[in-house]
Amino acid sequence: MRGTRRSWWGWGNVEDAVTGREREELTRRTAALLPGADLTVHEAPPVGSFGVGRSRIQAPPSLVPIVSEDVRDRLAHSHGQAFRDVVRALLGRLPHVPDLVVRPTSEEQVVDVLEWCGDAGVAVVPFGGGSSVVGGVEPRVGDGYAGAVSLDLGAMDRVLEVDRTSRAALVQAGVFGPHLEEQLRPEGYTLRFFPQSFEFSTLGGWLATRAGGHFATRLTRIDDLAESLRVVTPSGVVESRRLPASGAGPSPDRMFLGSEGSLGVITQAWVRLQDRPRWRAGATVGFADHDAGVRAVRALSQSGLDPANCRLLDPVEAFVNAGSPTAVLVLGFESADHPVDAWMDRALELCRDHGGTLSEPARRTDAADRSARTGAADTWRDSFLRMPYRRDALAAQGMIVETFETACTWDRFDALRASVDAAARDAMRQVGAEGVVTCRFTHVYPDGPAPYFGIYAAGRWGSTVEQWDEIKRAVSEALVTGGATITHHHAVGRDHRPWYDRQRPELFAAALRAGKAVLDPAGILNPGVLVDPLRPGTALPG
């Protein structure tokens, strides 16, 4: 992308890392928030210092052209992009490195890789953009395998067909967000799915993790945009029928959406497209009382207005990311069919009913005559896209900076927020990390919000992973005990497994294990995520 280099240890491109005045301002704000923090900058170790050994396995001759044993390549595929991943890389602690990175260019090669690995007892970890923050792409597979392969689908990245009549497209799963939109733009379409990881994540990754996009209401999840899937499993290929909807039994697509590469490898999908929006309106609403902002957002979510953006930042979150001293609601509407002024006017009326105020008039734009982006909402948008880079910068300065995302019903939110805040603060005290807890809404539904809790704490360099793990455990307990989900859109991976195991019904877990035994008899696909495979020789239920 743009001739830049991907970072092997942290987020995004090397050239886009936080430096200069941006780093100075970030450090200044952090020091103001946590005056006692030691913000010394630590650099990533050289690749050669990790002592990565030679591969334990050898690919068959037919696959050698698509195989890499390069150390830097293997290290880059050994972890995701969670805080603990980044810090472990900075500390030189990456113990689970794939033996090989395999980049198929066709579905036939995916079939060949799975056949080889099944016969050889090699674990296969599907890899899209590597942006997992839950241990989903880390080859932490145990000792029962001859080796581990990272199956990188990035070479399978084309839009194969566009159905203009049905407004849908057949797309290969390895396509990154920007390249997908580049291919759709000449057709006048967009998938309109923009997660924060958009630039560095793939369609297959979104589908496999049931990802959530940037937009706050209506069509928020990739589930809503999936029309049909094609999946390669060790037992054969599964392809669902293209349909707008069906009542014919449980959906085959639903079996693989969110399966995190444990049941099969998604190779392509038909996805529902949208016309590119022309009319937009945006506003930033301030709330002196954060609770009043919560009530305003609930009213908006139940109004039927369906704003494209409805992100409420509490005062600390607003200060860290947008420099605002009060709670901020970032509100937006867009349409390809009609001006959205009336929707924005009614939404602002609802906000005023709950004490919301505007520091500047709402901005209303037409694609035929669009003015330059200005205002606090755009400051937040820019900050939103820079957050992962800033997280890395602070992690390298000994800070603990990470998030917990969840969803709950509106009637449980107040109690959940209080319990998460208390659990996080108590855990920070226990590990000796002075810090603050923040909260923002990323998505909102008529029956509840998706709160995104943030931790900013002054850690001890060399111990921040262990400190974070204790905080993570405490907050995860509070989420599950409080009736919320362990994840709204970040998936389960290996890091969320203890709490996911408690959240899901046990009979469903048994059914999932049985399904995996049929689709993946050797248990080679992404071992450790979602469920453990049935032991060889175990009889299936019934």
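Visitor: What is the handedness of the crossing of α3 and α13?

Guide: The crossing of α3 and α13 is left-handed. This is a predicted model.

Visitor: At what angle do the axes of the two helices cross, and within what distance do they come?

Guide: The axes of helix α3 (residues 83–90) and helix α13 (residues 464–481) cross at roughly 165° and come within 9 Å. Angles over 145 degrees count as roughly antiparallel, so α3 is roughly antiparallel to α13.

Visitor: Which residues of α3 and α13 meet?

Guide: From α3, Phe83, Arg84, Val87 and Arg88 take part; they meet Thr464, Val465, Trp468 and Asp469 in α13. By class, the residues of this contact comprise four nonpolar, one polar and three charged.

Visitor: Let us turn to the strands. Is strand β4 mostly covered or mostly uncovered?

Guide: Buried means under 20% relative accessible area. Strand β4 (residues 147–152) is mostly covered, with six of its six residues buried.

Visitor: Which residues of β4 point one way, and which the other way?

Guide: Gly147, Val149 and Leu151 point one way, whereas Ala148, Ser150 and Asp152 point the other way; all are buried.

Visitor: How many bridges join strand β2 to β4, and how many join strand β3 to β4?

Guide: Strand β2 (residues 100–102) is joined to β4 by three bridges, and the two run parallel. Within this pairing, Val102 stands opposite Leu151 in β4. Strand β3 (residues 122–127) is joined to β4 by six bridges, and these two run parallel. Here Phe127 stands opposite Asp152 in β4. Leu151 and Asp152 point opposite ways from β4, and both are buried.

How values were computed. Residues are numbered from 1 along each chain as its sequence is written. This is a predicted model: local features need pLDDT of at least 70, side-chain atom pairs count only at pLDDT 80 or more; totals for chains, interfaces and linings use all residues. Side-chain values use heavy atoms; hydrogens and water are left out. Axes are lines fitted to C-alpha atoms, for helices over the stretch in contact, and angles run from 0 to 180 degrees between N-to-C directions. Helices (H or I, at least four residues) and strands (E, at least two) are DSSP runs, numbered from the N terminus. Angles under 35 degrees count as roughly parallel, over 145 as roughly antiparallel, 65 to 115 as roughly perpendicular and the rest as oblique. A crossing is left-handed if the near helix is turned anticlockwise from the far one by less than a right angle, and right-handed if clockwise. Contact means heavy atoms within 4.5 Å. Ala, Val, Leu, Ile, Met, Phe, Trp, Tyr, Cys and Pro count as nonpolar, Asp, Glu, Lys and Arg as charged, and the others, Gly among them, as polar. Buried means under 20% relative accessible area, exposed over 50%, partly exposed in between (1.4 Å probe, protein chains only). Two strands pair if DSSP finds at least two bridges between them.
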